[in-house]
Amino acid sequence: MKKQIAVALALATAATMLFAGCAKGENSNSASKGSGDAIQLLNGKPEIDAQMQELAKAYEEETGKKIEVLTIGGNETASSKLKELYQAGEMPDIFVLEANQFANWSGKLVDMSDQQWTEDTEVEYVNEEGTLGFPYMVEACGLAYNADILEKAGVDPASLTSPEAYKEAFATLDSMKDELGLTAVVGYNVNATDVGWSSGTHVFGQYLDAGLATDDTTYIDMLNDGGKLDEERFTAFGEFIGMLNQYTDPALITGSYDDQVLGFASGKYAFVTQGSWIGATLTGDDLAAYEEAGSFKVGFAPYAFEDGLTTILNEPTSFWGVYKDGNVEDAEAFLQWASEDTAQRMFVEDMGFVSPYADCAYSSTDPFAASVTEWLGTGKHSSYHTFLKKDGLQDATSVIFQNYAKGQYKDATEFYNAMQEATTGYYANN
Amino acid sequence: MTGNTSKKALSLVLLGVGIISLVVSLVIDFMGLGFDFRGYLLIIGILGTLGGLFTLPTEKYHRNIVNFVFLFPLLFTFGVTVIIPLVLGIGYSFTDWDGVMVGRFVGLDNYIQAFHQTTFLYSVLLTALFVVINMILVNLVAFLLALLCSSKIKGVGFFRATYFLPNLIGGIVLGYIWQFAFSKALIGITSKIFGMEYSILSETNLAFWCIIIVYIWQYAGYIMLIYITGLNTVPREVLEASAIDGANAWSTLFQIKIPMIASTITICTFLTLTNAFKMFDVNLSLTGGNGSVENFLGGSLTNGTEMLALNIYTTAINKNNYALGQAKAVLFFIILTVVSIVQVRISNKKEVEM
């Protein structure tokens with residue numbers, strides 16, 4: 001009898017240990033749902049994690065309410081992580097979304113059109129279900145340049161408004177490479193394996209939007225209709241890309257993102273095919289190199305692959321949405337607070353963002369901020385319709401960009417044909 | 001007897017409480033009522049039921065009950081981690097599941113779409129090719145290493161440890177280490193000799209061989225250890241007898257050692273086969289599945305180095321098509337099962353009876 005009880009006890013202990021894990025998970029799940037407890041925010045930008053924690057602290061100090069920030073690296077991972085959390089019943093109350101991810105969560109997001117902040121901004125995400133996305137920053141993407149080098153070479157960035165002007169500027173810079181200390185005129189990264197999002201999404205996005213009004217969806221609509229490309233526009237775009245291939249650093253055909261940004265920060269490239277997000281790297285990880293190169297001024301030039309295409313892409317690249325079954329009231333209160341003074345100062349001064357809110361009085365220390373604000377002032381900006389392309393299309397397009405850089409296609413027409421085959425193939429297959 | 005009655009009563013009470021709480025907790029969960037205590041209730045239910053069964057005063061079924069009680073933790077874990085996900089997965093493959101919601105039942109549509117995808121068919125063929133090449137090369141290299149490490153040269157322990165070491169490093173890390181070697185280090189050589197200024201990883205065919213090299217490097221050491229164990233089981237008397245009969249090194253190897261370790265060869269081919277099929281991490285970190293293919297079934301492809309497992313992953317994660325990915329995973333499971341069964345059957349016939 002005693003023996004049996006001992007065995008039963010041992011069994012009980014073992015089984016309790018077995019279940020301890022499950023029980024714990026369920027506990028934390030329900031804890032996040034109760035009102036008055038901390039609300040959770042899923043942040044998709046690892047580079048601002050520390051600053052977001054500060055923001056949460058400031059919110060708690062001002063309002064006494066807690067907000068918990070979870071950070072997931074890279075947007076693709078954030079989206080699949082979110083699905084995991086959903087399956088586990090542990091959805092955060094606020095989470096990061098790119099424009100094409102809203103459809104996934106159809107019916108599960110709160111319509112925030114009644115919120116006060118919507119009156120202070122024009123770039124919130126709106127679809128037929130209402131105002132679903134809270135904009136927390138604006139990111140610019142054009143051809144970033146090193147203003148000091150252009151000045152030394154006598155190239156006026158404001159004159160870069162046509163393919164001809166670019167041709168001339170590139171040739172001038174190329175002939176003065178040694179004098180200016182350049183490795184190459186352009187730092188154009190086409191590594192499809194690790195930096196495919198850059199060529200496949202951002203550079204490709206210039207074909208879709210350069211020169212167009214923000215609500216002009218001509219080319220994205222064509223693309224989403226079975227992967228069609230406009231032959232004339234894409235060939236012109238291809239000519240321009242061909243020029244980038246001619247003047248780029250060949251090491252970047254399979255180089256890393258870090259190489260590319262560091263090269264620009266150290267003044268080895270006059271142009272780089274990245275957006276305003278590299279500003280944080282110039283003043284962060286690459287600060288030493290950037291200072292050694294003279295903390296040069298930077299700015300954006302448009303991808304003028306046809307005459308008169310003089311806009312840069314300048315809009316939010318991701319938004320925050322509020323989960324319907326979460327703590328909606330507290331989440332909305334936080335977002336309203338985030339659009340106001342204290343939070344705006346932290347977004348702009350600490351995180352280096354350009355604010356999408358009209359009444360934001362702060363100016364950023366980010367190297368690109370001046371240029372981005374100037375572009376916003378001129379009204380010459382286009383949208384990121386590239387985020388509305390079919391999920392994962394960049395995996396296919398980036399390979400074609402890489403092939404072109406490797407010299408596999410002899411001219412822009414062949415590049416167009418290959419790209420057209422890749423995009424139609426992708427739309428038909430997936 | 002009072003002892004027996006009280007024991008019976010205890011057992012019945014435990015059983016009753018156990019079954020009731022088990023049922024209640026499951027009902028709460030399935031109805032989505034979301035009470036916090038349902039997890040504890042489930043545990044109490046299971047423990048109560050098991051305790052009740054264990055203390056049940058029966059002679060006839062006691063042995064069966066004890067067997068069940070002791071098997072239960074294993075069966076339960078196996079059910080939760082393998083059986084339930086498998087059944088759910090097969091279920092999801094017949095719907096339009098997008099990782100969030102199941103919209104509707106679509107029948108075999110996902111399977112039909114998978115077979116119409118040239119990228120998927122390409123991945124299947126590429127994986128088959130990869131498996132065949134690897135099965136041969138890994139076993140060959142591992143066997144040669146095993147012969148080396150079971151001979152009487154100096155520093156055998158050091159060699160064994162070194163060859164095994166790559167296996168201790170995770171595949172993702174290995175992939176990035178070798179990506180550095182192929183991209184940064186080798187590029188200096190290729191640019192001088194061939195004037196090729198970019199990494200060989202961006203050339204589909206070369207990249208495929210790069211994956212094979214890394215995989216052999218990672219895996220041969222592990223298989224080597226199994227071969228060493230196998231070679232050590234060959235009885236010394238047999239080897240001595242053959243030496244006395246005048247067998248040279250070659251005939252000892254081919255006519256004694258290899259037939260004697262046929263069962264080891266079965267295990268090793270089986271291991272390399274299934275593992276090569278499931279190749280994922282090195283593939284992801286080394287090339288990400290990229291590579292351009294000029295002509296495959298009348299079209300060009302951009303996933304030239306994408307193996308089956310990675311194809312399933314990108315379908316679900318990058319292309320946001322969870323249901324199609326799930327259908328492919330089910331196909332993958334079927335292929336792997338069939339291949340494994342066939343392989344074991346064939347190998348078993350060739351084994352020498354000891």
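Which residues in α16(A) meet which residues in α17(A)? I started my notes there.

**Ground rules.** I'm looking at a predicted model, where local features need pLDDT of at least 70, side-chain atom pairs count only at pLDDT 80 or more, and totals for chains, interfaces and linings use all residues. Residues are numbered from 1 along each chain as its sequence is written, while chains are lettered from A and ligands numbered from 1 in written order.

**Helix pair.** I found A:L393, A:A396, A:T397, A:I400, A:N403 and A:Y404 of α16(A) meeting A:F415, A:A418, A:M419, A:A422, A:T423 and A:Y426 of α17(A). Contact here is C-beta atoms, placed from the backbone, within 7 Å; helices are DSSP runs (H or I, at least four residues) and strands are too (E, at least two), numbered from the N terminus. I sorted the contact residues into nine nonpolar, three polar and no charged (Ala, Val, Leu, Ile, Met, Phe, Trp, Tyr, Cys and Pro count as nonpolar, Asp, Glu, Lys and Arg as charged, the others, Gly among them, as polar).

Next I looked up the geometry: α16 (393-406) and α17 (412-429) of chain A pack at about 165°, axes 10 Å apart. Axes are lines fitted to C-alpha atoms, for helices over the stretch in contact, with angles from 0 to 180 degrees between N-to-C directions.

**Sheet.** I traced an open, mixed sheet in the order β6-β11-β13 (chain A); strands pair if DSSP finds at least two bridges between them. β6 (139-141) and β13 (381-382) of chain A are at the edges with a single partner strand each, so one side of each has no neighbour in the sheet. Three bridges join β6(A) to the antiparallel β11 (312-315) of chain A, and I saw A:C141 opposite A:L313 in β11(A).

Methods:
Two residues are in contact if their C-beta atoms, placed from the backbone, lie within 7 Å.
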